[in-house]
Amino acid sequence: MQPEAEAQQTASAGSGYLVNRAQEAIGPYIGILLMLGALIILFGVLQGEDFINWDSPKSILANNAILLILSVGLTFTLLVAGFDLSIAGVLAVSGILVGKMLTSGVPTYLAMVIVLVGGVIFGCLVTGFAIAKLDLNFFVVTLGVLLAARGVALALTNGESKSLFEYKSLNTLGTGAVDGWSYLGFIAIGIFIAAVLVMRYTGFGRMIYAVGGNTEAARLAGINVVWVRIAAYGICAGLAAFAGFLQDGYQTSANPDTLKGIELTAAAAVLVGGTSFVGGVGTMLGTFLGVAFIGTIKYGLILASSQINQYWADVITGGVLVISVGIDRYRRLRKSR
Amino acid sequence: MRRPPGRRTAFRALTETMLEAKQISKTFGVTRALVDVDFSVGAGEIVALAGENGSGKSTLAKIVAGALAPDSGTITIDGDEQRFGRPRDALDRGIALVAQEPTACPDMSIAENILLTRLPRPLSPFNRLRYNALARPILETVEVVADPGAPFSSLKAGDRELVEIGKALASEPRYVILDEATSRLGEADVARLFRLLRRLREQGMSFILITHRLPEMVELADRAVILRDGRRVGELQREQLNEEAIASMMVGRELTDYYHKRTVPIGKPMLEVRDLLVEGAPEPISFDVRAGEIVALAGLVGAGRTEVLETIAGGRRPHGGTVSVDGHTLPAGTPRGVIGCGVTLVPEERHRQGLNLVSNVRENVAMGMWSLIRANKRREQQAAYQSVDQMRIRTAGIEAPIRSLSGGNQQKVVIGRCLARDPKVLLLDEPTRGIDVGAKAEVFNLIGELVEQGRAILLVTSDLLEVLGLADRILVLHERRIVGELSREKASEERIAFLSGGGTHQDAA
């Protein structure tokens with residue numbers, strides 16, 4: 001026993017161990033990294049200097065900041081073996097409420113705090129409560145919330161959008177930039193980094209993985225499974241509400257129809273990034289790469305619009321989604337043998 | 001664990017009662033799972049909790065571990081009354097449960113799994129390296145050689161169970177409840193586990209042992225408490241402990257002919273396996289099973305027994321070789337084709353591979369006799385009634401949900417489906433796993449009837465006594481190769497264990 005253990009330790013310290021560790025660290029992202037690389041090479045060849053310059057990342061980040069924020073939120077719910085279809089609905093209601101508050105004289109940042117806190121509370125008390133405590137199916141609950149929330153947004157506005165052009169600080173936040181790097185991008189990256197830190201270095205993050213990986217084990221280990229799941233939906237809805245505020249600034253108007261269907265794009269980003277529907281598997285970094293991938297396709301195809309119809313973006317995203325899940329499955333199959 | 005250096009705390013008094021459950025009752029719907037059950041464990045004691053399936057063992061275990069709240073009754077530790085119902089409370093008072101179902105998070109690291117009960121509070125920092133360091137001594141205690149930072153899924157099957165035990169130890173418990181901890185272990189890993197339990201008992205830790213394997217209780221327990229139909233029916237002290245005594249108290253009657261092999265004339269070869277190369281096996285295998293014969297495949301967990309059965313049944317595609325039944329060659333890799341040729345498999349994992357759990361008895365029996373166009377309900381009902389009769393399935397009716405049946409009766413439904421196809425060859429993979437003594441006896445009886453009808457049976461079971469009691473011939477597998485063939489007369493537990501462990505004929509002689 002003892003010498004065996006020692007042998008193992010010495011072997012572990014060798015360079016083979018480091019290679020293994022590196023493989024383990026990159027492993028889950030190999031598919032998405034390869035495809036992202038291929039995409040960059042493809043557009044680089046097609047567009048040359050038009051694509052390979054600093055404007056590309058600046059523009060991709062600005063145009064996908066809100067998608068990144070939504071995807072980070074969605075990752076929380078997928079990791080606890082759930083899903084939140086309602087993010088676009090929550091976002092729309094939040095955007096409309098921000099518009100209403102601003103026109104009635106509420107300061108911009110107070111409005112932001114109100115929708116953010118309101119979103120978290122809504123996610124916890126309605127969506128999260130129904131799913132985690134009442135044990136209702138997440139698909140049904142969040143589909144219902146999506147329909148209802150979008151309906152509320154339309155009903156509150158009679159379906160009309162309202163310009164928020166005169167609210168300076170909101171518009172600066174939504175469209176401003178430092179040296180071409182948008183404020184939105186900074187905010188989204190900040191949220192992403194915070195999420196990475198929470199997942200990796202807090203007890204809550206590890207509990208999310210435990211609850212998603214094996215709910216019964218987590219419960220028997222004394223983890224409050226209901227609270228962890230409620231918190232995941234609260235964070236997701238809070239980020240969606242916050243994204244609604246930012247979206248108002250980004251398009252300088254409150255539009256009840258805004259970003260229809262973005263929940264599916266966000267889902268595609270999260271899934272391409274290696275997060276699994278079964279729960280407990282996936283990372284925030286994967287989600288970031290997924291968003292980067294989708295953003296790059298869209299941007300590249302817009303640049304190449306003289307050569308390729310940009311509507312092919314969704315076709316490519318859809319295909320890549322299935323292929324990347326296929327690659328991941330193949331990798332896991334090989335590992336389990 | 002936390003003893004002063006140089007001092008031995010080995011032989012603590014066994015008499016002082018420490019954990020006591022009194023008058024525990026629990027009802028699920030109309031089922032009275034537990035009725036006024038008393039139960040106690042002292043320091044450094046291993047108490048076996050015995051009973052048939054559905055007798056209330058797991059319910060009692062869950063209540064003591066706080067995973068389930070009792071309807072009435074009290075639990076006291078050293079005389080202090082506990083208010084349980086939340087796992088956290090029980091853990092804090094030193095009670096840990098190793099649950100029947102595997103409870104690992106496969107994508108978290110080994111260390112995180114072990115220390116799942118000791119994760120930091122939600123908003124407190126989590127330090128991976130510190131957790132790995134904390135897990136290392138626990139891995140050493142349970143004798144598993146592995147990097148604590150590696151994912152749990154990289155562990156070998158036997159090690160996983162021991163890591164589950166390590167997880168229980170991580171909460172520094174005084175009482176550990178083991179619910180069927182050995183049911184997924186091979187003989188060698190069981191021995192490793194028992195060594196560990198004995199060592200921990202010497203340090204004053206107590207165990208509540210729930211197992212279907214009677215010899216394990218006799219070997220390990222200081223005392224056995226027997227439950228029947230949710231009631232405590234008796235207790236056996238160390239010196240009274242033997243398999244027959246436990247079994248008869250469990251079922252409430254003397255079990256005669258527990259392992260009964262009827263003498264049946266052996267006919268012509270029915271199943272002929274020729275140079276079958278199972279995926280992952282180093283070399284092809286060949287053997288026959290004759291009409292009226294029971295052949296057992298023995299070997300450790302992971303020796304490739306299930307793979308052989310599943311390959312014959314068409315669930316896996318072989319890399320070469322042929323299988324024929326009654327002279328007809330079986331198609332490879334298609335369960336549908338193989339069933340059509342008269343070979344059916346009772347799979348190892350009843351819930352995962354054997355049953356549609358959201359459906360009823362009738363549909364589970366009839367599954368596989370449906371045509372694409374039209375489901376014939378009358379024929380389904382006939383088949384279901386016939387199975388219920390023939391297999392003596394205890395159920396409220398053929399439309400009763402499959403979940404309302406006990407494990408043993410669910411297993412009979414699976415066997416019933418296989419028999420509804422009137423197979424010539426029956427492949428049985430762990431047909432008695434997780435079912436109680438009474439149901440086992442019925443399954444054995446049934447196997448006897450089947451060979452009397454001239455069918456051939458290929459059996460895999462981890463219970464050596466079953467192998468010895470039932471089989472006419474035993475093929476021993478080791479690392480996916482057939483390493484020995486024993487006739488009924490020559491077979492013994494030692495002999496099989498020896499070959500399973502990789503011993504060779506020459507050394508044995």
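## Contact between the chains

Two residues are in contact if their C-beta atoms, placed from the backbone, lie within 7 Å. The structure described here is a predicted model. In the contact of its two chains, 27 residues come from chain B and 26 residues from chain A. On the side of chain B that touches chain A, helix 2 of chain B (residues 87-92) gives the most, with three residues. Sorted by class, this side of chain B has 17 nonpolar, three polar and seven charged residues.

## Domains of chain B

Chain B is divided into three domains: domain 1 covers 18-58 + 174-254, domain 2 covers 104-173, and domain 3 covers 269-508. The centres of domain 1 and domain 2 of chain B, taken over C-alpha atoms, are separated by 26 Å.

Where these two domains of chain B touch, eleven residues of domain 1 are in contact with eight residues of domain 2. On the domain 1 side, strand 7 (175-179) and helix 6 (187-202) of chain B are the elements that give two or more residues. Helix 6 of chain B gives the most to this side, with four residues. The domain 1 side has six nonpolar, one polar and four charged residues.

## A four-stranded sheet in chain B

An open sheet of chain B is formed by four strands in the order 12-11-14-15, with antiparallel pairing. Strand 12 (285-290) and strand 15 (328-329) of chain B each have a single partner strand and stand at the edges, so one side of each is left without a neighbour in the sheet.

Strand 11 of chain B (residues 269-277) pairs with strand 12 of chain B over five bridges, in the antiparallel sense. In this region, Pro269(B) has Arg290(B) of strand 12 of chain B as its bridge partner.

## A six-stranded sheet in chain B

Another open sheet of chain B has six strands in the order 16-17-18-13-19-20, and its pairing is mixed. The edges are held by strand 16 (343-346) and strand 20 (481-487) of chain B; each has a single partner strand, so one side of each is left without a neighbour in the sheet. From one strand to the next, the twist averages 20°.

Within this sheet, strand 13 (residues 294-298) and strand 18 (residues 456-460) of chain B pair in the parallel sense over four bridges. Leu297(B) stands opposite Val460(B), which belongs to strand 18 of chain B. Helix 17 of chain B (residues 493-500) lies across strand 13, strand 19 (473-478) and strand 20 of chain B, and runs at about 30° to strand 19 of chain B.

## Helix 5 of chain A and its partners

Helix 5 of chain A (residues 87-103) packs with helix 7 of chain A (residues 138-157) at an angle of about 25°, and their axes are 7 Å apart. Angles under 35 degrees count as roughly parallel, and helix 5 of chain A is therefore roughly parallel to helix 7 of chain A. Their crossing is left-handed. The residues that helix 5 of chain A gives to this contact include Ala88(A), Val93(A) and Ile96(A), while those from helix 7 of chain A include Val145(A), Arg150(A) and Leu156(A). The residues of this contact divide into eleven nonpolar, two polar and one charged.

The axes of helix 5 of chain A and helix 12 of chain A (residues 225-251) come within 7 Å and cross at roughly 50°. That angle makes helix 5 of chain A oblique to helix 12 of chain A. The two helices of chain A pass each other in a right-handed crossing. Among the residues in contact are Ile87(A), Leu91(A) and Val98(A) of helix 5 of chain A, together with Cys236(A), Phe245(A) and Asp248(A) of helix 12 of chain A. By class, the residues of this contact are eleven nonpolar, five polar and one charged.

## Helix 3 and helix 14 of chain A

Helix 3 (residues 30-47) and helix 14 (residues 284-303) of chain A have axes that come within 10 Å and cross at roughly 20°. At this angle, helix 3 of chain A is roughly parallel to helix 14 of chain A, and the crossing is left-handed.

Helix 3 of chain A contributes residues including Ile32(A), Met35(A) and Phe43(A), and helix 14 of chain A contributes residues including Leu289(A), Phe293(A) and Ile297(A). This contact has twelve nonpolar, five polar and no charged residues.

Methods. Residues are numbered from 1 along each chain as its sequence is written. Chains are lettered from A and ligands numbered from 1 in the order in which they are written. This is a predicted model: local features need pLDDT of at least 70, side-chain atom pairs count only at pLDDT 80 or more; totals for chains, interfaces and linings use all residues. Domain bounds come from an automatic or database domain assignment. Ala, Val, Leu, Ile, Met, Phe, Trp, Tyr, Cys and Pro count as nonpolar, Asp, Glu, Lys and Arg as charged, and the others, Gly among them, as polar. Axes are lines fitted to C-alpha atoms, for helices over the stretch in contact, and angles run from 0 to 180 degrees between N-to-C directions. Angles under 35 degrees count as roughly parallel, over 145 as roughly antiparallel, 65 to 115 as roughly perpendicular and the rest as oblique. A crossing is left-handed if the near helix is turned anticlockwise from the far one by less than a right angle, and right-handed if clockwise. Two strands pair if DSSP finds at least two bridges between them.
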